Amino acid sequence: MADAQSDGPAKTPAEERHATWLELFFDLIAVAGTAQLAHVLHGEPSWADVGLFTLLYLAFWTIWMCFTVYGNVVGDRARTWTMLIGMLGMVILASSVAGVHEGEHLKVFAVTYVALRFVASGAWRRGGQMLVDWPVAQFSAGVTPWIVSIWVDGPARYWLWAAGLAIDLWATLSISARNFQENAEARRAAVQQRAEQQGSRERDAGRLDFTFAHVDPAHLGERLGLFTIIVLGEGVAQLVTVGSGTHWDHTLRTLELAGFLLLVSIWRLSLVHGYAGVPNLRESVLPPRLVLFLHCVTNGALTALAAGLGAAIEHRHSGLPGSVRWVLCGSFAAYAVIGLVGPAVSQRAAKAPVGWDRLLGHLLPPLVLSLALGVFGAALPAVAVVWLLVAAAGWSLWGHETRSKPRARPARRRPRAQQG
């Protein structure tokens, strides 16, 4: 039995494992899913639309992650049909998003979500494993409000979804691997003691026969990074789709270039200088459950940013409507906050001084600028807003690369006896 003695990730295997063809095929659904989710924010979204987008995104991301960690731990022993059933279910989830304001689509979304959570949880039970790094994968408490929502209409259904997702979020942030394993061991001991007192029962045997499993950090980082690539691809798709259906003038060309440079800067911050798609984060400095949380927030913000870029092109000859401007600037502000967290926790984990003055000098201005654009940018044209966000991302990127660039050592002076 593999023990989990800490909240940190397991050691990377000697031979690094990469995503299988089955996992890459499964990730195709993320392409369609992110495109559908971005459409929820098209037009001039209201706060209700933003809230609905948040619920749908969290549900979609949770399902994708349940099957992703299963493939991560099980590896080549992953059941093909389990992954394909998950993929089919996520196709239904993505298809339901377009008509999610209709009652029938909402019910289909909820039923499919519940079914997929039980399929993913059943895969762990059949394998006799308990994932200690992210208990949500087999945690059923968060599914209960979703089950109730199937028979509920109106706004109460959304509140039930929010309650279920909040339970999963609480489990992600509060249940450490160490505590989860200790509690599981205590439950196993209690069942074993009761079985000895009352006589062994066949139904108790399954509750005793399980092992603890950890994720593979390197492989998980690769899968999470691929998801981020897919989300950035949706941003590129927005530029292509909106730009291809209109006349190419100077404003459009300038805005397309700005959008592309913004996505390039985010790609470099998240994947070249980051880990698992989280900007400025180093591998193995946080427990996997916290990495998953940061990944969830990061890619939710980037999905909204992709929708904002598409809307900016649609309004390229005028100022951005308030809701569109806040989707664009607010999502970048959320990304900037994560960009502050990454280097701070990385340096603390390395037991190095954080250097808050230099860190905030490079990473705080992008956050302040994006929020200022959201508040005061009504008079600015769309192209100016996007180019200012490019400047914010470029400032953050320049600051990171100057921090990570090794300093040249001064030349050593030769001893006086060796000179001349």
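Student: At what angle do helix 6 and helix 11 pack?

Tutor: In this predicted model, helix 6 (residues 155–174) and helix 11 (residues 288–314) pack at about 135 degrees, with their axes 8 Å apart. Helices here are DSSP runs (H or I, at least four residues), numbered from the N terminus. Axes are lines fitted to C-alpha atoms over the stretch in contact, and angles run from 0 to 180 degrees between N-to-C directions.

Student: Why are helix 6 and helix 11 called oblique?

Tutor: Angles under 35 degrees count as roughly parallel, over 145 as roughly antiparallel, 65 to 115 as roughly perpendicular and the rest as oblique. Helix 6 and helix 11 are therefore oblique to each other.

Student: Which residues meet there?

Tutor: From helix 6, L169, T172, L173 and S174 meet R289, L290 and F293 of helix 11, where contact means heavy atoms within 4.5 Å.

Student: New topic: how many cavities of 30 Å³ or more are there?

Tutor: The count is three. A cavity is a set of points on a 1 Å grid over the protein atoms alone where a 1.4 Å probe fits but cannot get out. The largest cavity holds about 70 Å³ of space, a volume being the space filled by probe spheres set on the points.

Student: And which helix gives the most to the lining of the largest cavity?

Tutor: Helix 12 does, with four residues. Lining residues have an atom within 4 Å of a point, and those of the largest cavity include F332, Y335 and L363.

Student: How is the model treated?

Tutor: Local features need pLDDT of at least 70, side-chain atom pairs count only at pLDDT 80 or more, and totals for chains, interfaces and linings use all residues. Residues are numbered from 1 along each chain as its sequence is written, and side-chain values use heavy atoms, leaving out hydrogens and water.

Key. Helix = DSSP H or I, 4+ residues; strand = E, 2+ residues; numbered from the N terminus. 1 Å grid on protein atoms, 1.4 Å probe; cavity = no way out; pocket = protein on both sides within 12 Å on 5 of 7 lines; lining within 4 Å.
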